[in-house]
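Me: I would like to learn how to read domain contacts, chain interfaces and salt bridges. Please take me through them one by one.

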Amino acid sequence: MASHLFKRNEITKLAKKILAMQPDIIAMEGPLGAGKTTLTKAIAKELEIKDMIVSPTFILHRDYPGLDHIDAWRAEDFSEIKNLGLAKMIAKKHLIIIEWADKFEFEIRNLKLENRVIWVKIEYAEKENERSISYEDIGS
Amino acid sequence: MKILAVETSCDETCAAVVEGTTILSNVVHSQIDLHKEFGGVVPSIARRAHEERINLIIDKAIQDSRFMIQDIDAVAVTAGPGLAIALEVGIRHAKELAKKLDKPLIAVNHIEGHVLSVLAENDQYPISNIQFPALALVVSGGHTELIYVEKIGKYKIVARTMDDALGEALDKAARMLGLGYPGGAELEKRAALGDAKKYSLPLPMARSKTLAFSYSGLKTAMFRLIDELRIMNYELSEQQVNDLAAGFQWRAFEHLLRITRATLNAQPTMPKNLLVGGGVAANAKLREDIKKLSDEVGGQVWFPKKGMYGDNAAMIGIAAGFKAQRGEFADPEMIDRLPRWRIDEEMI
């Protein structure tokens, strides 16, 4: 999977590119402070969501019109993510963004059987305002 | 009116008995040890721990109050905001208890509890000194909010975080430094030994006029700084950890204070009196900084008494007492958890 360098001001472009792949689920991985929530904000903006997107870490899951934002960091087992109502979110045709998806890589990758899952990996790059980011449709 | 209050919104199992603003008992069972190895609250573990303890905690709260369960006039419970599966435990037990005792049920907003925690009777100041309107600052692991309190029961959020809560940012910084959990308290200890200005970390939103909090940029800068230092000498020295902790805490608090100052000065009509609540306010350095700010703007500031910074049920009981006076009771058949309930929203 090829990574590309993105500057801070290119985040809208990235959000558009990811959304153009028509994802049902966007699985995000990347270290603390890399910009997972920031990218989620940009995606939400493209979806014309007016609510303020804030970190879901504390309560695990926040829902917005058309978007469910999940943080897997504090979950110990994938069943907890399911218990947030994952099936319902999928049925609602909401876009689902899962941060720290690498914690449950196997289970989330398996969701590709019935959903279009885009896997986004964010890494710090050399320059402060840049990130090395890869994104791919893991079903194709 | 004696109120039995229950609070399970996160990782403390709490019950208390209050009468008005007098606390008759306040029992807090912390689950810190259970969550330590995961470096944060694990919701499913929190739920199990609440389930296992809640009856004991409620019994202890009754016992400590020196009253009998039959003397209770109402049952109060936190309905939100918080972790859904943790809130559910408290709500279910409170509901059952209210039914069994045939007493009214009161649903309380957790943030309102923190805002009103300064109203607990104490030997530091007479609570009749507290005047409204006032500005409340709630800082905890899940919340960073400035709230305009027109009077008890009437609130408007004036600033809140756009990403992480202050306590969450402190916890994450502590994690980057390899400190234990809960991170905020560890970070405070190490920060006291460090030089805050040794390394250069940015002040969040330094040029912005927006009344809002943001910690994501500071978190990113911290990650990069640690990364650079590690490239130079693989492991951080104890002194480097202390200096980094001090630097992060300094900038995080400076941002909080700058936005609080800007809010206090935003309009001439803005009250200058501050009510402070939430677990991060247990940080002595932060309280000192807030006191200085309060003196600077010529206002007064109130902090909760010891034991009432972090989550507790006494503050829920106090808020419930005022709701009862206003006749705001909950229907036990309808009450549900509200994980994102804002203090300035009606219960839906």
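Me: How many salt bridges does the structure hold over all chains?

Reply: Side chains of opposite charge can pair when their charged atoms come close. The rule here asks for a side-chain nitrogen of Lys or Arg within 4 Å of a carboxyl oxygen of Asp or Glu. Over all chains, the structure holds 24 salt bridges.

Me: What should I know about the model and its numbering?

Reply: This is a predicted model, where local features need pLDDT of at least 70 and side-chain atom pairs count only at pLDDT 80 or more, while totals for chains, interfaces and linings use all residues. Side-chain values use heavy atoms, without hydrogens and water, residues are numbered from 1 along each chain as its sequence is written, and chains are lettered from A and ligands numbered from 1 in the order in which they are written.

Me: Which residue forms a salt bridge with Glu19(B)?

Reply: The partner is Lys2(B), with the closest N and O atoms 3.6 Å apart. Now place the two on the chain. Helices (H or I, at least four residues) and strands (E, at least two) are DSSP runs, numbered from the N terminus. Glu19(B) sits in strand 2 (residues 12–19) of chain B and Lys2(B) in strand 1 (residues 2–7), so the pair links distant parts of the chain, 17 residues apart.

Me: How far apart in helix 8 are Arg251(B) and Glu254(B)?

Reply: They are three residues apart in helix 8 (residues 238–266) of chain B, which means a separation of about one helical turn. Arg251(B) is buried at 17%. Glu254(B) is partly exposed at 26%.

Me: Where do Lys292(B) and Glu288(B) lie?

Reply: Both are in helix 9 (residues 284–297) of chain B, four residues apart, about one turn of the helix. Lys292(B) is exposed at 52%, and Glu288(B) is partly exposed at 44%. Elsewhere, salt bridges that share partners join Asp164(B), Glu168(B), Lys172(B) and Lys219(B) into one network.

Me: How is chain B divided into domains?

Reply: Domain bounds come from an automatic or database domain assignment. In chain B, domain 1 covers 2–115 + 308–325 and domain 2 covers 130–303. Their C-alpha centres lie 27 Å apart.

Me: How many residues of domain 1 of chain B are in contact with domain 2 of chain B?

Reply: Contact means heavy atoms within 4.5 Å. On that basis, 17 residues of domain 1 of chain B touch 20 residues of domain 2 of chain B.

Me: What area is buried between the two domains of chain B?

Reply: The size of an interface is often given as the accessible area lost when the parts come together. Here the loss (1.4 Å probe) is summed over both parts. The two domains of chain B bury about 1,400 Å², and carbon and sulfur atoms give 71% of that. On the domain 1 side, Ile111(B), Val115(B) and Tyr309(B) lose the most area, together 46% of what that side buries. The count of salt bridges between these domains is zero.

Me: How many residues of chain B are in contact with chain A?

Reply: There are 29, meeting 27 residues of chain A. The two chains bury about 2,400 Å² between them, 59% of it on carbon and sulfur atoms. In chain B, Phe223(B), Arg224(B) and Arg340(B) lose the most area to chain A, together 26% of what that side buries.

Me: How many salt bridges does the rule find across the interface of chain B and chain A?

Reply: The rule finds one. Arg340(B) and Asp63(A) meet through their side chains in a salt bridge at 3.4 Å, N to O. Helix 2 (43–65), helix 5 (166–176) and helix 7 (216–233) of chain B each supply at least two residues of the side that touches chain A.

Methods. Buried < 20%, exposed > 50% of the residue type's maximum accessible area, 1.4 Å probe, protein only.
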